[in-house]
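Reader: I would like to learn how to read a model of this kind, one feature at a time. Where should we begin?

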Amino acid sequence: MNRKTPVKRVRAKQRRLSADDRRSEFVTKATEFFAEEGFGGGTRALARKLGVTQPLLYRYFPSKDDLIKEVYRKVYLEPLEIGWEKLLSDRSRPLRARLQEFYEIYTDAIFNRKWLRIYLYSGLKGLDINRWYVGMVKDKILTRILRECRHDAGLATQSRPSAAELELAWVFHGGIFYYGVRKYIYEAPVLKDKAQMISDALDIFLAGFERMAESATDRRRAPVKVVG
C-alpha cells in the first residue's frame, strides 16, 4: 500500500518594505482616502483605513498635519517640477505658443478626480493646502506669465504685477480650472476639445492684457499738466 507523502504548505513570505517605500505607500493610500472621505476624523481612524496601527503611522508621520503636508508635496508640488518655469520664460518662442503648451501640460497634471477632490475638500475644511497652492500659483505661474506678457508688450518687467493685472490673470486661470471642476466633479457637459477651450480662453486673456497695456502706455505718454 503506497502512502501519499503529505504536501507541505509553504506560506509565501511577505516582502518587507524599506522605510522609504513604506512612507510612500502611506502617502499613496492617504491620498486616496482624503480624496474619497475628506479630512475629517483623527489619526486612529486614518490608520485603520490605511490598514496599519496608529503607532506605526506615528513612526513615519508624528501628526496628521505632517501627513497632509507630504500629500500636498506629492500631489501638488511634484507635478510642477518638470520645467514649467523654463517653458514659460523661453522667449525664443512666441508667447501664445508657450502659454498654450503650458496650460495643456498643466491641465493634464491636475485634471483628475483625486487631485480636484482633495483641493476642494481642503478648502471646505479650511486647511493650508489651498493657501499654499494659491500662493504657489500666484508666485510661480501667474506672476511669471504676467512678466512675459509685459515683456511682449514692451513694458517694464522688473516691477511686480499690478492688482488689475493679477486679477485678470486669476480670472483667466480660474476659468480653465473650473472647466476641470465641471468635468470631473460635477460631471457636467464641457467642450470635448480641451486644447480648443484653452485657446479660446487665451484669446480673451491676451486681448484683455493688450487693452490694459495700451492704457498704461497712453498714461505714460500723456503730457503732464503744469499748474501755476
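**Reading the model, feature by feature**

Author: Begin with a loop: E187 lies in the loop between helix 9 and helix 10 (194-221). Keep in mind that this is a predicted model.

Reader: What is the phi of E187?

Author: As a general idea, most residues other than glycine have a negative phi. The phi of E187 is near 55°, a positive value, and the residue is not glycine.

Reader: Is E187 buried or exposed?

Author: E187 counts as exposed because its relative accessibility is 65%, and the cut-off for that class is over 50%.

Reader: How much of the contact is between residues at least 24 apart in sequence?

Author: Taking contacts between residues at least 6 apart in sequence, 70% join residues at least 24 apart.

Reader: Where is R147, and which residues does R147 contact?

Author: R147 is in helix 8. With neighbours within four places in sequence left aside, R147 is in contact with R91 and T157. Its relative accessibility of 31% makes R147 partly exposed.

Reader: How is a packed pair of helices described?

Author: Two numbers are used: the angle between the axes and the distance between the axes. For helix 1 and helix 2, the angle is about 110° and the axes are 10 Å apart. The two helices are therefore roughly perpendicular to each other, a class that runs from 65 to 115 degrees. At this contact, F26, K29, A30, F33 and F34 in helix 1 meet L46, K49 and L50 in helix 2.

Reader: At what angle do helix 7 and helix 9 pack?

Author: Helix 7 and helix 9 (residues 163-184) pack at about 105°, with 10 Å between their axes. That makes helix 7 roughly perpendicular to helix 9. The residues that meet are R113, W115, L116 and Y119 from helix 7, and F177, G180, V181 and Y184 from helix 9.

Reader: Which polar contact does the side chain of S122 make?

Author: S122 is in helix 7, and its side chain is joined to that of N130 by a polar contact of 2.4 Å. Apart from neighbours within four places in sequence, S122 is in contact with F39, L127, I129 and N130. S122 counts as buried because its relative accessibility is 0%.

Reader: What span should helix 4 have, and how far apart are its end C-alpha atoms?

Author: Helix 4 (residues 64-77) has 14 residues, so at 1.5 Å a residue it should span 20 Å. Its end C-alpha atoms are 19 Å apart, which agrees.

How values were computed: Residues are numbered from 1 along each chain as its sequence is written. This is a predicted model: local features need pLDDT of at least 70, side-chain atom pairs count only at pLDDT 80 or more; totals for chains, interfaces and linings use all residues. Side-chain values use heavy atoms; hydrogens and water are left out. Helices (H or I, at least four residues) and strands (E, at least two) are DSSP runs, numbered from the N terminus. The expected span of a helix is 1.5 Å times one less than its number of residues. Buried means under 20% relative accessible area, exposed over 50%, partly exposed in between (1.4 Å probe, protein chains only). A polar contact is a pair of N or O atoms within 3.5 Å; within protein, one must be able to donate a hydrogen and the other to accept it, and residues adjacent in sequence count only if both atoms are side-chain atoms. Contact means heavy atoms within 4.5 Å. Axes are lines fitted to C-alpha atoms, for helices over the stretch in contact, and angles run from 0 to 180 degrees between N-to-C directions. Angles under 35 degrees count as roughly parallel, over 145 as roughly antiparallel, 65 to 115 as roughly perpendicular and the rest as oblique.
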